[in-house]
Amino acid sequence: MLSALVLYANTLSHEYVQDDAIVITDNMYTTQGFDGIPGLLKYDTFYGFFKEEGKANLVSGGRYRPLTPIMFAIGWQFFGHNPFISHLLNILFYGLIGILIFEIISRFIKEKVDMRLIALLAALIFISHPVHTEVVANIKGRDEIMAMLGSLLCLLSMMKALDTEKVYWYCLATLSIFLAISSKENAVTFLAVIPLSVWYFRAYGENISGIGMSIKSIAAPLIGIIAFILIRASILGFDFGAAPSELMNNPYLKMVNGQYVPFSGGERLATIIFTLGKYIQLLFFPHPLTHDYYPRHIDIMSFSDVTVWLSVIMYLIMACFMILGIRKKSILSYAIMYFFATISIVSNIVFPIGTNMSERFLFMPSLGFAFFIAYGLCKLKSKPVAFYGLSTVILLLFSIKTISRNQAWSSDYNLFQTDKHVSKNSAKLNNALAGALSTAAYKETDQPLKETMLQEAVERASQAIDIHPTYKNAYLLKANSYHYLKDYKNAAIQYEAALRIDPGYDDAIKNAAINDRELGRYYGQVENNLTKSIDYLRRAIQIMPDDYEANRLIGTAYGFSGEVVQSINYFSKAVSLEPKLAGAYVNLGKAYMNDGRPEEAQVQFNKAKEIDPNVRID
């Protein structure tokens, strides 16, 4: 626990980052506190953010993970918008995982092996491993933490249940695995891990074989998992659907003749094998780290690539060691089998998970690595210098990297700026950075710096579009950046591109209308092209009929065009929208004067004077 607090203390001042918006700050149920819990139980996990059924099911089969959103709702009820408390809870729950790792491995039985020392080292290696920063430093990562915490508690409970035959241990095992899988689906892999652990490391009486006891060990967890599956099916159904056709939710697509088509079987398998090799590399050498492995940070791979074959060889060697060690029940064999079991569900082999890979997917499998390394170090115990020296170096290097990496997670802007140097070819990261830059620039008061940030935002959005030509959000962000730069013509081109991809894209429709209003102003005031000015302003008013400024501008344009009746109509609408604005009545009065109706004009001027005695009429 102390190790977790020391390593992650620098996250306590961090903001909400990344997907925290989806499950916490912008989730209509989480931010209702207790009142939102029924909604979190009733719908897909993404529903509270998108507020639409279609958008909620972004990934194949949807996601139903109510436990951690409910925890966030409870936290919101008591503490409101308070990332400090959420970060602190992540650290404390993470520390509990370290305690459980120690407790479980200490109870493993292995002749001539000091399991308590291995347990201590394994827990420290796990807690200090830098690949876990995404899970702990990102509040949303609590789903991974609770899934593993519940799964480990289930394993410990089953070991105690089999030792004592006490019913309450079986009940705790059922409850803990139910809560674990309610946090994230990868807890289901403990249906393999639990019997595997029992068979490898527990010795029971003569009345029942080790295999029989292993089978018995899954009964209680199975009840909890089946209960969750039935509840999930009642919410989302059993239809897992086809893989999405959007690149950001299905990385196994490529552009052919202007359309996205699935990878060939060879390309898909080669890419998956490459990412599996990348996972092994990150366990042994966790650098560089990034939050983003989206297309095309991980490129389209083929079996002509040597790195794919290196991954194949690595996994074949691991499989050989696993098989050779089964009869002897070696710790290496167990560690590999544990890794294979827990990585399987996030490998894209079993079913599509919506991305190539992610460091958070190593959270549960990395325990196998920590166990193996701890065992290997303890083999050197007879050589104290080597044992203490290597142990210290590994823990020190991991700790330094973890504390350093935590800094990137302080804010969205800092995270994107840090990881842009690693995930250079990721459409998602370039798009996210464009959004962060444009948002930061909007608040920036230093004009030269503001323009520099917006120019970079345009460049980043352009890179995202080059990688993913139908990335509608990238077009939107590029358009927004042009708009803030007051380059309304280029902004209009980008809004139109976004709307060609999705004619019903609400954000693009609304922002394009605002941009049309500014184009109307530009053509009227700068180029003195009243025809174009009116065209753009009419387009803006079609989407924003109650926008005062658009009505005022088009009233002015019609007035200068000599179409006085139209001018009066739009100025009258402007008055109805802003009845306490003296200038609105002045404009309407002048329109009446131009129409030869001085008495009605004077009525409007008088109203303007009542609101503001100093208003200018001339």
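This is a predicted model: local features need pLDDT of at least 70, side-chain atom pairs count only at pLDDT 80 or more; totals for chains, interfaces and linings use all residues.

Trainee: Okay. How many cavities of 30 Å³ or more does a search of the whole structure find?
Mentor: Two. The largest cavity holds about 100 Å³ of space, and the second largest cavity has a volume of about 60 Å³.

Trainee: Which residues lie nearest the centre of the largest cavity?
Mentor: I105, F108, Y334, Y338 and L367, out of 14 lining residues. The elements that each give two or more residues to that lining are α7 (83-107), α10, α12 (190-201), α17 and α18. The lining divides into 13 nonpolar residues, one polar and no charged.

Trainee: And how does the lining of the second largest cavity divide?
Mentor: That lining has five nonpolar, three polar and two charged residues. Among the residues there are Y29, Y43, D44, R65 and P69.

Trainee: I remember P69 from one of the helices. Is P69 of α6 buried or exposed?
Mentor: Buried. Other buried residues of α6 include L67, F72 and W76. The cover over the buried residues of α6 includes α2 (20-25), α3 (37-42), α10 (142-164) and α11 (167-183).

Trainee: What span should α6 have at 1.5 Å a residue?
Mentor: Helix α6 covers residues 67-79, so its 13 residues should span 18 Å, and its end C-alpha atoms are 18 Å apart, which agrees. Just after α6, G80 takes a positive phi of about 65°.

Trainee: Switching to pockets: what's the volume of the second largest pocket?
Mentor: About 250 Å³. The pocket is lined by 14 residues, and F284, M318, L332, I336 and F372 are the closest to its centre. Helices α15 (265-284), α16 (306-326), α17 (331-344) and α18 (366-378) each supply at least two lining residues. In this lining, 13 residues are nonpolar, one is polar and none is charged.

Trainee: Now the strands. In which sense do β1 and β2 pair?
Mentor: Antiparallel, over four bridges, with β1 at residues 253-256 and β2 at residues 259-262. L253 sits opposite P262 in β2. The two strands form a hairpin with two residues between them, and N257 in the turn has a positive phi of about 55°.

Trainee: Last one: which residues of α24 are buried?
Mentor: Y488, A491, A492, Q494, Y495, A497 and A498. Among the elements covering those buried residues are α22 (447-467), α23 (472-484) and α25 (506-525).

Methods:
Residues are numbered from 1 along each chain as its sequence is written. Side-chain values use heavy atoms; hydrogens and water are left out. Buried means under 20% relative accessible area, exposed over 50%, partly exposed in between (1.4 Å probe, protein chains only). Contact means heavy atoms within 4.5 Å. On a 1 Å grid over the protein atoms alone, a cavity is a set of points where a 1.4 Å probe fits but cannot get out, and a pocket is an open set with protein on both sides within 12 Å along at least five of seven lines; lining residues have an atom within 4 Å of a point. Grid points are joined across faces, edges and corners, and a volume is the space filled by probe spheres set on the points. Ala, Val, Leu, Ile, Met, Phe, Trp, Tyr, Cys and Pro count as nonpolar, Asp, Glu, Lys and Arg as charged, and the others, Gly among them, as polar. The expected span of a helix is 1.5 Å times one less than its number of residues. Two strands pair if DSSP finds at least two bridges between them.
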